[in-house]
Amino acid sequence: MTRTRKPKAEQTTAQRLSSVIKSVRDIMRKDKGLNGDADRLPMLTWLMFLKFLDDLEREHEAEAEHFGGPPYRPVLEGVYRWREWAKSDVTGDTLLEFVNNEKFELEPGKPIPGLLAYLRNLQGEGNRDRRTVVAEIFRGVQNRMINGYLLKEVVQKLDTLDFTSSEESHTLGALYEGMLKEMRDAAGDAGEFYTPRAVVRFMVKALDPRLGEVVLDPASGTGGFLVEAFEHLKEQAKTTEELEILQNRSVIGGEAKPLPYLLAQMNLTLHGMESPQIDSGNSLRHNLTEIGDRDRVDVILANPPFGGEEEKGIQNNFPTDKRTSETALLFMQLIMRKLRRQTANQQGGRAGVVVPNGFLFSEGVGARIKQELLEEFNLHTIVRLPNGVFAPYTSIPTNILFFQRGEPTKEVWYYEHPLPTGKKNYSKTAPIQFDEFATLLAWWNNREENERAWRVDVSAITGNNYNLDIKNPNAAQDFEHMPPQELLKDIMEKERRILTLLEELQAELGQGDSVHA
C-alpha cells in the first residue's frame with residue numbers, strides 16, 4: 001500500500017525536496033534561539049522524524065484495513081500525532097506552548113502533557129517496542145526555537161514531505177547525509193561522530209557482510225557504518241522472509257550521546273529501517289567477562305572515539321592487566337570480545353576498525369591487547385591511511401585493522417593507501433573519494449607485494465614488543481607514520497647534518513665564527 005506523489009513537471013524530486021529543506025533552514029535562520037547548523041540540524045531532525053512516523057503509521061493503518069486484521073494501534077495517540085497538531089489552526093504562540101510546556105491546557109481546566117514531555121515519557125513493552133525507541137530518541141531533545149510563528153512555518157513546510165514515497169525517502173536520505181556532513185563542518189566537536197563515507201564504503205565492501213549475519217557498530221555516531229551495511233545487505237534481500245531478516249536481525253549499534261543517537265536513528269530511518277536497533281547506553285558499561293556467545297556478532301565495523309577518557313567504573317569492567325582510561329583501547333577489547341567464536345561449522349567473526357597511529361606502537365596495556373589480538377585472532381591486514389583523511393578535525397594519522405577470530409596471526413599484510421597524484425593532503429572541501437580505493441579493492445582478493453603492499457611475519461612483531469608500526473620497505477620513508485621517538489631522532493640527525501654543512505660553508509667563506517644551534 002505505497003502511494004507515490006508525482007513531482008511537478010518542471011522539477012525533479014531531488015530539486016523539490018532540496019527546495020523544501022532549504023526553505024525550512026532559511027526560516028530557522030531567522031529564529032534567535034538557534035545558533036548555527038549545530039542547533040538547526042537536530043531541530044530539523046526530530047521534526048522530520050515525527051512527520052516520518054506519522055506517514056509510516058498511515059501505511060500500517062491502511063494495510064490493517066486492507067487485509068481485514070485488527071485495527072493498527074498507533075505509537076502516538078490523539079493530539080500528539082503529527083496529523084493532529086501540525087495541521088491544526090492554532091496560533092504560533094499556542095503551538096510553542098504545546099511543544100515546550102510540561103503541562104498544556106488543551107481545554108480550560110484539563111491540562112495534558114506537552115508534546116516533548118509526552119514523547120520522553122512513552123513506555124513500550126520492551127527495547128524493540130517503537131514507543132521505547134521514541135522515548136529514548138527524545139530524552140535529550142529540546143525545542144530551541146523561540147518564535148512560535150516561525151515554528152509553525154517550519155512545520156507547515158515539513159508537512160509537504162511524503163515519506164510513503166520510496167523515491168522521496170531515498171532522496172531525503174541522501175539530503176540528510178549531506179546535512180550531517182555540513183553539521184560536522186559547522187561544529188568541530190561533531191567531527192567525532194563522522195567517518196568519511198568513502199572510508200566507510202571501502203570497509204563494508206572489504207568485509208562484505210552477508211544477509212543472515214549480524215553487523216555491529218558499538219560506537220555508532222550518526223550511523224554511517226550501519227547505514228552503509230544496511231544498504232549493502234538490502235541488495236541481497238529478495239523475498240519477504242529475507243526482508244524480515246534485513247529489518248529485524250541484521251544491523252545493530254550503540255551510541256551513548258543523545259545528539260548523535262537522535263541523528264543516527266533518523267539516518268537509518270530515512271534509509272528504510274523501520275525500527276533501528278541502537279542501544280542508547282555506553283557500550284563499555286558491561287563487564288567483559290559477562291559477554292557470552294549470545295551477545296556475539298558476525299561482523300563489527302567501527303571507528304571508536306580515540307583520545308577520550310573513561311572513568312573508573314567503566315575501567316573496572318576490563319581485566320586487571322588491561323585497564324586504562326584510553327577509550328580506544330577499551331573499545332578494541334570490547335570489539336575482540338564481541339566477535340563470534342570459531343566453531344567446527346562456522347568461521348569466527350570478522351572486524352574492520354579504524355585506530356589512531358598510536359595504537360600500533362603503544363606499549364604497556366596497548367602491547368598486551370595486541371598480544372591477545374595476534375594470538376587469538378588473525379590480524380590479516382592493516383591499511384595505512386594517508387595524511388589528512390580526517391582533517392581538519394584531527395591530523396592524527398590513522399589505520400584500518402582487519403582481523404578475524406579463531407586462528408592466530410601468522411603474517412600481517414600492510415597496504416599503504418596513497419594520496420592521489422599531485423595532492424599533498426585532504427581537506428574539508430576536497431575529501432577522500434571512494435573511487436580512490438579501487439586499486440586496493442582489486443588487490444584485496446589477489447594479493448601480491450608491490451610498492452604499496454608488503455607482508456610481515458608475526459615473529460618480527462612479537463619480537464619487537466608487539467609493535468605494529470612497520471614502515472613500508474618498498475617506498476620512500478613515511479614520516480607521518482613514524483613513532484614519536486624515531487621521528488624526533490630523525491629530525492635531530494637532519495638538524496646536526498644541516499649544522500655541519502653550515503659550519504663547513506662558513507669556514508670556506510672565511511668568516512671565522514662557528515654557527516650554534
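Arg120 is partly exposed, with a relative accessible area of 29%. That value falls between the 20% limit for buried and the 50% limit for exposed. The model discussed here is predicted. Glu102 has 54% relative accessibility, so it counts as exposed.

**The chain as a whole**

The protein chain has 517 residues, and 50% of them are buried. Its secondary structure comprises 19 helices and eleven strands. Take the contacts with a sequence separation of 6 or more: 74% of them involve residues 24 or more positions apart. The exposed surface comes to about 24,900 Å². Carbon and sulfur atoms contribute 49% of that area.

**Salt bridges**

How many salt bridges does the structure hold? The count is 34. Three of them are set out below.

| Pair | N to O distance | Accessibility |
|---|---|---|
| Arg40 and Asp37 | 3.2 Å | both buried |
| Arg452 and Glu416 | 3.1 Å | Arg452 27%, Glu416 7% |

The third pair spans more than one element. Arg452 and Glu416 form a salt bridge, with their closest N and O atoms 3.1 Å apart. Arg452 is in the loop between α17 and β11 (453-457) and Glu416 is in strand β10 (residues 411-416), so the bridge ties together parts 36 residues apart in sequence. The two ends have their own accessibility classes. Glu416 has 7% relative accessibility, so it counts as buried. Arg452 is partly exposed, because its relative accessible area is 27%.

Salt bridges also join into a network. Its members are Asp54, Glu57, Arg58, Glu61, Arg81 and Arg83.

**Arg249 and its neighbours**

Arg249 is placed in the loop between α11 (240-248) and β4 (251-254). Its relative accessibility is 45%, so it is partly exposed. Which residues does Arg249 touch, leaving aside those up to four places away in sequence? The contacts are Glu213, Val214, Glu244 and Gln277. With Glu244, the side chain of Arg249 makes a polar contact of 2.5 Å. Glu213 is 36 residues away from Arg249 along the chain, yet their C-alpha atoms are 7.9 Å apart.

**Helix α9**

Helix α9 covers residues 197-207 and is mostly covered itself. Of its eleven residues, eight are buried. They are Ala198, Val199, Val200, Phe202, Met203, Val204, Ala206 and Leu207.

**Positive phi angles**

Asp208 follows α9. It has a positive phi of about 50 degrees, although it is not a glycine. Asp208 lies in the loop between α9 and β3 (215-217). At 30% relative accessibility, this residue counts as partly exposed.

Asn465 is another residue with positive phi. Its value is near 55 degrees, and it too is a residue other than glycine. Asn465 is found in the loop between α18 (458-462) and α19 (484-509). Its relative accessibility of 43% means that it counts as partly exposed.

Technical notes:
Residues numbered from 1 in each chain as written. Predicted model: local features only at pLDDT ≥ 70, side-chain atom pairs only at ≥ 80, totals over all residues. Heavy atoms only, no water. Helix = DSSP H or I, 4+ residues; strand = E, 2+ residues; numbered from the N terminus. Buried < 20%, exposed > 50% of the residue type's maximum accessible area, 1.4 Å probe, protein only. Contact = heavy atoms within 4.5 Å. Polar contact = N/O pair within 3.5 Å; in protein donor to acceptor, adjacent residues only side chain to side chain. Areas by Shrake-Rupley, 256 points an atom, 1.4 Å probe, with all protein chains shown as cover. Salt bridge = Lys/Arg side-chain N within 4 Å of Asp/Glu carboxyl O.
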